[in-house]
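User: I'd like to go through this model and hear what backs up each label. Could you give me the cut-offs as we go?

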Amino acid sequence: ADVGQEQTSVWLAFPLEKQPGSNQWHLRDQTVPQSLPLFAYLPLKYSDNLRFIIQADFIITSSRETIDKDNLWNQWIREQIPSLFAKAIQSIKEKSEEGAWINSLNRLIPYIPNRCSSDYL
């Protein structure tokens, strides 16, 4: 998206915990939330389809409550999320003990949105 910005960072956040006595991390075994807010440094309106946190340089509306859905920059960020989610899976695999990452992967599956919505994500 050509908005005069050359680069940005987008973060996805999942609940992780460090295994005792190890440098290995895995997804915390917990109930997956039904919805979490998007962040543009501060929380925005909740999405009814987002089960993990996304922090990005979104262009927001003047009310600071939600994202400008028609903005090309925001649309570009949205298009990056599936590949970032795949990279998150790879990162979890790399940070898990050999063979144990499949357990973390099984814990990650519920975070995948299971429906499309009229909301931003």
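User: To start, how much accessible surface does the protein chain have, and what share of that belongs to carbon and sulfur atoms?

Analyst: The accessible surface comes to about 7,700 Å², and 51% of that belongs to carbon and sulfur atoms. Areas come from the Shrake-Rupley method with a 1.4 Å probe, and for residues only the protein chains shown count as cover. This is a predicted model, where local features need pLDDT of at least 70 and side-chain atom pairs need 80 or more, while totals for chains, interfaces and linings use all residues. Residues are numbered from 1 along each chain as its sequence is written, and side-chain values use heavy atoms, with hydrogens and water left out.

User: How do you know where in the protein chain confidence is lowest and highest?

Analyst: By pLDDT, the predictor's confidence in each residue, from 0 to 100. The chain mean is 77, and 72% of the residues reach 70 or more. Strand S3 (residues 25-27) is lowest at a mean of 67, and S6 is highest at 89.

User: What makes up the pattern along the protein chain?

Analyst: It reads β-β-β-β-β-β-α-α, from two helices and six strands. Those are DSSP runs numbered from the N terminus: helices are H or I with at least four residues, strands are E with at least two.

User: Why is Gln 55 called buried?

Analyst: Its relative accessible area is 13%. Gln 55 belongs to strand S6 (residues 53-55). Neighbours within four places in sequence aside, Gln 55 is in contact (heavy atoms within 4.5 Å) with residues including Trp 11, Phe 39 and Tyr 41.

User: Why are Trp 73 and Trp 76 called stacked?

Analyst: The structure holds four aromatic pairs. In this one the centres are 5.4 Å apart, with 25° between the planes. Rings of Phe, Tyr and Trp (its six-membered ring) pair if their centres lie within 6.5 Å; planes under 30 degrees apart are stacked, over 60 edge-to-face, the rest tilted.

User: Are Trp 73 and Trp 76 buried or partly exposed?

Analyst: Trp 73 is buried at 3%, whereas Trp 76 is partly exposed at 31%.

User: Which residues touch the most other members of the largest nonpolar core?

Analyst: Phe 14, Phe 52, Ile 54, Phe 58 and Tyr 111, out of 19 residues. H1 gives the most to this core, with six. A nonpolar core is a set of buried Ala, Val, Leu, Ile, Met, Phe, Trp, Tyr and Cys residues joined through side-chain atoms within 4.5 Å.

Terms used: Buried < 20%, exposed > 50% of the residue type's maximum accessible area, 1.4 Å probe, protein only.
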